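Here is a short note for a colleague who has not looked at this entry before. Please read it with the sequence and the coordinates open.

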Amino acid sequence: MNNPSRPPGARLLSVARDRLDLATSLRCGQVFHWESHGEGWIGALGDDPVYLEQVDDALWIAGAPDERVERYLALDHPLEEIVASFPQDDAMRGAAQFSRGMRIFRQPEWECLASFITSAMKQVAHITQMSLALRRSFGQPLVLGGRTLHAYPTPAAMAAASEAQLRACGLGFRAANLLRTARMIDSGEVSLEAVAAMGDDEAREELCRLPGVGVKVANCALLFGFGRLAAFPIDVWIERILRTLYFKGKRRVTPRRLREFAATYFGAYGGYAQQYLFHHARQTWGRGERGKKG
DNA sequence: GCCCAGGCCATTT
DNA sequence: AAATGGCATGGG
């Protein structure tokens, strides 16, 4: 039957369900601007607007070219091998089964970094609100099937704004940090191209030079934007998970101890393991954003 | 009103 | 190195 929300001329790409769970991947807290649209989703791959809808073992695509979609969704990540590499404990097995098909996307580096600068002390829904507000205020308009969406503002566009304008997007105290970071990127004081060429540790250090970027935000940018699949962001959820599931009853578990454990225990695809644990906990430990099923 | 939210930063132990 | 408090905004 026809789906009225699906733009005319949509193409079909064959992707097995267990190779990709689109909805879970979009809602797991790695990316913050996709909007539910009928049976599918609308978003931007950089400056390329796209409609995506998963039906059984197929993906409907309208807008951006297939190759760009495949790259953004990281369909080349060896998911089976990645999941098989996870440590074999009950918590990890449960998380892996709960979010089967969840992928870590290849987001544009700047968009990813900037979004996580705004993420401090905010719920995922709020981060999305701020992203959409920033896009509408400073981003390039993109048209798809008669509907307008917006690219994420470039560093130059954001650097030209005022702190008050950013605060008007709901950023609060994050506005000053984001503005200063945008100006450092725009001026070339810090180069994301250079960061992309560095090893993980050096890249993390370089990102931490930016205002509003600490180890956690840097790791998110490395994992979700720079494709560093070993990067292991430790936020309040992951810290709770590690303490509860892996350090039960232990005392004086220092941040240093947690970092060392995370780096050695979860392996080369630690970032993937982290995201599976994160999403599983958020969906099953209450709070968060239960009940909103589009 | 009260609580907390994918932290960062400066300051103090 | 580890703890502490301030920082804006919005939703439950």
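This is a predicted model: local features need pLDDT of at least 70, side-chain atom pairs count only at pLDDT 80 or more; totals for chains, interfaces and linings use all residues.

1. Surroundings of DNA strand C. The residues around DNA strand C are K122, H126, Q129, R167, G170, G172, F173, R174, T254, P255 and R256. Of the atoms of DNA strand C that come within 4 Å of the protein, sugar and phosphate account for 69%. Two helices, α6 (124-138) and α14 (255-265), each supply at least two residues of this surface. By class, the surface near DNA strand C divides into two nonpolar, five polar and four charged residues.

2. Polar contacts to DNA strand C. The side chain of K122 has an N or O atom 2.5 Å from a base oxygen of DNA strand C. R174 also points to a base: one of its polar side-chain atoms lies 3.4 Å from a base nitrogen of DNA strand C. F173 makes its contact through the backbone, where a polar atom is 3.1 Å from a sugar or linking oxygen of DNA strand C.

3. Surroundings of DNA strand B. How many residues surround DNA strand B? There are 27, and the closest are G29, Q123, V124, Q274 and Q275. Sugar and phosphate make up 55% of the atoms of DNA strand B that come within 4 Å of the protein. The helices α12 (215-224), α13 (236-246) and α15 (270-284) each supply at least two residues of the surface near DNA strand B. Sorted by class, that surface has 16 nonpolar, seven polar and four charged residues.

4. Polar contacts to DNA strand B. A backbone N or O atom of V124 lies 2.6 Å from a phosphate oxygen of DNA strand B, and a backbone N or O atom of G212 lies 3.0 Å from a phosphate oxygen of DNA strand B. Q275 reaches a base: a polar atom of the Q275 side chain is 2.7 Å from a base oxygen of DNA strand B.

5. Salt bridge between E53 and R6. The count of salt bridges comes to 14. One of them joins E53 and R6, with the closest N and O atoms 2.9 Å apart. This pair links distant parts of the chain, since E53 sits in strand β4 (residues 48-55) and R6 in the segment before β1 (11-14), 47 residues apart. Why does E53 count as buried? E53 counts as buried because its relative accessibility is 3%, and the cut-off for buried is under 20%.

6. Salt bridge between E35 and R147. Here the closest N and O atoms are 3.6 Å apart. E35 belongs to strand β2 (residues 35-37) and R147 to strand β7 (residues 147-150), so the pair links parts of the chain that are 112 residues apart. E35 is partly exposed, at a relative accessible area of 27%. R147 is partly exposed as well, at 29%.

7. The side chains of E111 and R135 meet at 2.9 Å, N to O. E111 lies in helix α5 (residues 109-117) and R135 in helix α6, 24 residues apart. Are these residues buried or exposed? Both E111 and R135 are buried. Elsewhere, salt bridges that share partners join D47, D48 and R68 into one network.

Note on methods
Residues are numbered from 1 along each chain as its sequence is written. Chains are lettered from A and ligands numbered from 1 in the order in which they are written. Side-chain values use heavy atoms; hydrogens and water are left out. A residue is near a molecule or strand if one of its heavy atoms lies within 4 Å of it. A polar contact is a pair of N or O atoms within 3.5 Å; within protein, one must be able to donate a hydrogen and the other to accept it, and residues adjacent in sequence count only if both atoms are side-chain atoms. Helices (H or I, at least four residues) and strands (E, at least two) are DSSP runs, numbered from the N terminus. Ala, Val, Leu, Ile, Met, Phe, Trp, Tyr, Cys and Pro count as nonpolar, Asp, Glu, Lys and Arg as charged, and the others, Gly among them, as polar. A salt bridge is a side-chain nitrogen of Lys or Arg within 4 Å of a carboxyl oxygen of Asp or Glu. Buried means under 20% relative accessible area, exposed over 50%, partly exposed in between (1.4 Å probe, protein chains only).
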